[in-house]
Amino acid sequence: MRAILIWLALLFPAVYYLLVFFAEGGPPLGEGGLRIDETDVYVGRGIIIVLALAIGLGVINLFAHHAKNAVNKRKDWQYSIIVFVSFFVVVAALLWQYRVSAERARVADPALPALQQIDELRKSQPGLTIREAQAALSPEHQAALQRMRAYQERYHFQPREFCVNYVRRPLEATVMALLGFYITYAAYRAFRLRSLEATVMMLSAAIVILGSDSLGGWLTGGRLTVWADFDNRVLNSGMQRGLAIGIGVATIAASLRIMLGLEKGIMGSGRGEQ
Amino acid sequence: MPTDGEPTDDESLRGHYRFAAHAALLMLIVLGVLAGIWLARRGRALPIRDIPGLSAFDEAVARATEMGRPSLFTTGGVCDPRRVQLYASMPLLRRVAALSGELGNRLIVPVAYAETLPVHANATRDGYIDAGALGNYRSDDVRYFPGGQFFFAMATMGWMLKEQPAACFYFGWWEADSLMLAETGQTINALQIAGTDQLYQVPFFVVACDYTIIGEEFWASSAKMSGEPGLLGSLGAQDLFKLAILALMVIGMLLCQHSGFAAWMAALKKVLG
């Protein structure tokens, strides 16, 4: 039974999205009705609702699991405390951000026409300083600008932006930077002459690297550049296109096998169910 | 008269032609694959060559067991539920879990997406059930590492350094995290097998792994491993289609030397947009 349910859960969305793809711009379903590809929006909303419920359920599960860990002092229970602390810190940051956004809409956005007017004044009268342009504004616009400045001073620190720009992004950049070392080490290992294939690869890489560099072209009177170009545009492109054709056909065949329920590996064994 | 942004009649017609051409091509391939499956079930399957990476599955898990270290299987940090590569990898995870169950080895499975956690957990559990070793299955070993690609990569690298898996399997849709994990596997002297249809990641796996399953071999893996005639039949049909495409390319190249045909092709290209 479980296998059939999993198969149906795979089959229906697959057929639906196939129809959506091929029905783009097709006739509506009945007089004044929706087109199949337009129903995608409503299905998408349904998926968002289900996801929101799943997240809610996930939070409850997470709390229950880690609360039990912490209360019963199970192995590594300290990490459960870190989960709670992290969760509430992030929620507090997001609530603060919500307040900042609401304030921006209330205070900062009405000041936009004043800023626009300053721009126009300075364009029409070159040499006019910002302070002089502000003095020329109407009292309402000046008041709006003052409210905006007060908002900027009050909400100078934005925790969410801080978490994203000063914590998450630097961490990601650090991890990404590791790739440079990994690539260098992997390239060194690849270029060791262990076999005939490795030798061919090393020679090919040497031609492409030196040929793409102006020094290689200069040393060989441009010959290496031509060889590198041939390697890239003919040999490499041909191989890539050949693989791409194979992958394209294989993807359709594999998707069909999954849709027809022939891939038993993902349908569940049906045994040992509790 | 169409207003700004609305397609003209010509554009709309071209769109219909294009979709009709796509649909016809898709139907042709689908019918061909179905015919291949039908023929194979009647005992007329084409022979499929061995894929060394798949044959090494048993060796890798056995080696890990002998060394008293676990095995690791992951679909990477970007293989989200929309990727069909995820579903194509699950039979392989199930196979590794079955081998681990048979040999009494531990299998650890890091997962990057909460939605795919049950998919991985089911495949792992089913593998242990296949081996008659459900008692060895530990749900804690299928672990969700949230936060995105690089945080997943860091957490998995940490887990690898802690648990020291001696057999690492990387299958699915991969991006920059491929080399990070494969290089970590190298440093802990693991026997590594990777498979992806992401051509940009293949070189990284080739230099860092012992076996790499490239491109369409990845899609053939589960069928080849199962040995079921129906699935093998679909692989034979794929190969025939590739031959047909190759033949069409050669015929097209020859015909394009004739100016009349070249003009006709240009007109067809214009109609299809």
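Two strands count as paired if DSSP finds at least two bridges between them, and helices (H or I, at least four residues) and strands (E, at least two) are DSSP runs, numbered from the N terminus.

First, the ground rules. This is a predicted model, in which local features need pLDDT of at least 70 and side-chain atom pairs count only at pLDDT 80 or more, while totals for chains, interfaces and linings use all residues. Residues are numbered from 1 along each chain as its sequence is written, and chains are lettered from A and ligands numbered from 1 in the order in which they are written.

Now the sheet, in chain B. It is open, has six strands in the order E3-E2-E1-E4-E5-E6, and pairs them in parallel. Strand E3 (142–144) and strand E6 (211–214) of chain B are the edges, each pairing on one side only. From one strand to the next the twist averages 15°. Axes here are lines fitted to C-alpha atoms, for helices over the stretch in contact, and angles run from 0 to 180 degrees between N-to-C directions.

Within that sheet, strand E1 (residues 71–74) and strand E4 (residues 167–171) of chain B run parallel and are joined by four bridges. Phe73(B) has Phe169(B) in E4(B) as its bridge partner. Helix H8 (residues 216–226) of chain B lies across strand E5 (191–196) and E6 of chain B, at about 100° to E6(B).

Next, domains, whose bounds come from an automatic or database domain assignment. Chain B has domain 1 (10–44 + 229–267) and domain 2 (52–226), with C-alpha centres 34 Å apart. Chain A is divided into domain 1 (1–74), domain 2 (99–159) and domain 3 (181–264). The C-alpha centres of domains 1 and 2 of chain A lie 45 Å apart.

On to where the chains meet. Contact means that the C-beta atoms of two residues, placed from the backbone, lie within 7 Å. By that rule, 39 residues of chain A are in contact with 47 residues of chain B. Helix H7 (159–190) and H10 of chain A each supply at least two residues of chain A's side, and H10(A) gives the most, with 15 residues.

Last, H10 itself. How far apart are the end C-alpha atoms of helix H10 (residues 223–259) of chain A? They are 52 Å apart, which agrees with the 54 Å that its 37 residues should span at 1.5 Å a residue; the expected span is 1.5 Å times one less than the number of residues. Just after H10(A), Gly261(A) takes a positive phi of about 75°.
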